[in-house]
Amino acid sequence: MRPPSVDSLAQSLAGHPRLSDLPRPLLVAAARTGIANDPANAESAALAAAEALKSRLIQPVINATGVLLHTNLGRAPLPASSPRSTVRYNNVEFDLATGQRGSRRTSVEGLLRQITGAEGVLVVNNCAAAVMLSLAAIAKTGGVAVSRGELVEIGGGFRIPDVLEQSGAALVEVGTTNRTRVNDYGQAVTKAASSDRPVRMLLKVHQSNYKIVGFTEETSIEELAALGQSHDIPVIADIGSGLLDANLPWLADKSGRVPELPWLANEPAVRQTLAAGADIAIFSGDKLLGGPQAGILVGRADLIEACAKHPLARAVRPGSGVLLALQNTLLAYMRRDLAQLPFWNMATLSLDELRQRAESIVKEVNDAVDMADGGRAPDAWVAETESVAGGGTLPGQSFPSIGVAIKGNKVPRLRRSSPPIIARSTDGLTTLDLRTVDPADDALLVSALVASIAPSLPQQ
Ligand SMILES: *Cc1c(COP(=O)(O)O)cnc(C)c1O
């Protein structure tokens with residue numbers, strides 16, 4: 001039998017409900033691949049190729065892993081109605097008051113100044129870019145003192161020694177892996193003073209994704225600030241995760257009470273880092289801040305302006321979509337509107353709330369499956385799980401959560417649901433943690449779970 005024509009095959013692919021939204025050039029490409037891969041079964045090979053093309057597109061997924069900041073799933077969750085997708089034009093560089101050209105720094109940076117109490121603010125594409133920019137603009141070709149315990153790799157190849165080298169600054173290693181005292185910094189500053197690369201920055205880097213425990217000693221921001229002041233050397237703190245305020249005012253209830261979050265203990269916060277005397281604090285937009293991917297520098301106005309004026313700043317400036325999403329995140333902090341801060345909403349969901357959702361999902365799944373097989377042992381049950389913040393933050397810290405478990409490894413099958421559901425499998429079970437799932441998606445979980453347990457049941 002001759003294989004069908006590319007045209008007729010593409011036409012028939014377009015008839016599949018799951019593929020009908022793919023533009024024709026992609027369907028044609030899938031048809032060609034299908035015919036080339038398996039001329040005798042071109043129809044099914046083309047279907048597989050089209051499904052593969054579709055699965056490579058960026059699309060919404062349901063995160064049932066319990067990892068709140070999942071690096072592979074876009075890190076911080078954004079509100080579903082993110083205006084990124086609806087706004088066509090905006091006044092990112094237009095001053096509505098005067099009708100003249102404006103600055104993209106006005107809005108978001110004003111909000112951040114108010115929230116953090118900083119004099120100066122600059123927003124760039126991500127935290128890695130912010131660190132690089134601060135090194136190039138402030139340390140220039142001078143020395144940068146960093147503790148040997150903080151020469152970190154963040155992931156994706158971001159290594160502090162390499163970033164330092166790329167920026168043109170010179171790394172001055174201080175102390176040891178497990179213990180670094182303020183005297184070590186002092187000696188390094190004195191020693192380098194007479195060299196051709198005197199220390200121009202004291203850099204403190206948060207050990208975001210690992211922990212050194214045991215016989216350890218770390219120099220505080222206060223100590224570094226005192227040393228920096230006596231030598232006129234700025235202290236820059238790369239705190240990474242962007243917890244805005246250790247007192248968590250946005251979580252306060254009507255009587256001002258804030259929930260205890262033990263997993264956040266010892267996490268450096270922006271406000272407190274500045275109050276302790278850091279000249280600049282640097283952090284990500286999409287870790288504990290819970291906004292879009294961005295890098296934020298806050299602190300001394302003269303140093304921030306030096307960063308803003310550096311040629312590299314133009315290369316790492318954020319687009320209006322990012323600024324708009326970040327503005328919405330910051331406004332939500334000011335309104336204390338957890339619905340618009342999904343990370344904090346998820347992180348503070350009560351176990352009772354999660355258990356209720358789990359029980360109703362389990363009931364619906366078991367009822368549906370029982371109708372098919374006459375009801376033997378329950379197929380789904382409520383499971384106690386552990387959520388983690390993730391995204392390279394808070395290593396070793398997990399907190400209790402509730403999910404739904406079913407027998408067998410159904411992870412690949414759930415991933416093929418529409419929208420894809422990302423779950424975890426261990427010891428022959430599949431678990432879906434509900435903390436990271438929007439309650440509005442619970443019904444989708446039910447139908448996907450039923451389909452994975454009893455594939456022969458008609459789909460609702
Ligand atoms: C995560 C992190 C970075 C990198 O942040 P991105 O926003 O991913 O570029 C840099 N420094 C520290 C300390 C971090 O935790």
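**Close-up 1. Helices α1 and α3 are oblique to each other in this predicted model.** The axes of α1 (residues 6–14) and α3 come within 10 Å and cross at roughly 55°; α3 spans residues 42–56. Axes are lines fitted to C-alpha atoms, for helices over the stretch in contact, with angles running from 0 to 180 degrees between N-to-C directions. Angles under 35 degrees count as roughly parallel, over 145 as roughly antiparallel, 65 to 115 as roughly perpendicular and the rest as oblique. Helices (H or I, at least four residues) and strands (E, at least two) are DSSP runs, numbered from the N terminus. From α1, Leu9, Ser12 and Leu13 meet Ala42, Glu43, Ala46, Leu47 and Ala50 of α3, contact meaning heavy atoms within 4.5 Å. These residues comprise six nonpolar, one polar and one charged. Ala, Val, Leu, Ile, Met, Phe, Trp, Tyr, Cys and Pro count as nonpolar, Asp, Glu, Lys and Arg as charged, and the others, Gly among them, as polar.

**Close-up 2. Helix α2 crosses α3 at roughly 135°.** The axes of α2 (residues 24–37) and α3 come within 7 Å, and the crossing angle makes α2 oblique to α3. The crossing is right-handed. On the α2 side the contact involves Leu26, Ala30, Ala31, Thr33, Gly34 and Ile35, and on the α3 side Ala42, Ala45, Ala46, Ala49, Ala50 and Leu53. Of the residues in this contact, 10 are nonpolar, two are polar and none is charged.

**Close-up 3. Helices α4 and α12 cross at roughly 30°.** The axes of α4 (residues 106–116) and α12 (residues 320–335) come within 9 Å, and the angle makes α4 roughly parallel to α12. Their crossing is left-handed. Ser107, Val108, Leu111, Leu112, Gln114 and Ile115 of α4 make the contact with Leu323, Leu326, Gln327, Leu330, Leu331, Tyr333 and Met334 of α12. This set holds 10 nonpolar and three polar residues, with no charged ones.

**Close-up 4. The surroundings of the ligand.** Residues with a heavy atom within 4 Å of the ligand are Arg75, Asn126, Cys127, Ala128, Ile154, Phe158, His206, Ser208, Asp238, Gly240, Ser284 and Lys287. For cysteine 127, a backbone N or O atom lies 3.0 Å from a ligand oxygen atom.

**Close-up 5. Backbone geometry at proline 419 and leucine 248.** A cis peptide bond, with omega near -5°, leads from serine 418 to proline 419. Proline 419 sits in the loop between α15 (411–415) and β12 (421–422). Leucine 248, a residue other than glycine, has a positive phi near 50° and belongs to the loop between β7 (235–240) and α9 (270–275).

**Notes to all views.** Residues are numbered from 1 along each chain as its sequence is written, and side-chain values use heavy atoms, leaving out hydrogens and water. In this predicted model, local features need pLDDT of at least 70 and side-chain atom pairs count only at pLDDT 80 or more, whereas totals for chains, interfaces and linings use all residues.

Notes:
Left-handed = near helix turned anticlockwise from the far one by under 90°. Polar contact = N/O pair within 3.5 Å; in protein donor to acceptor, adjacent residues only side chain to side chain.
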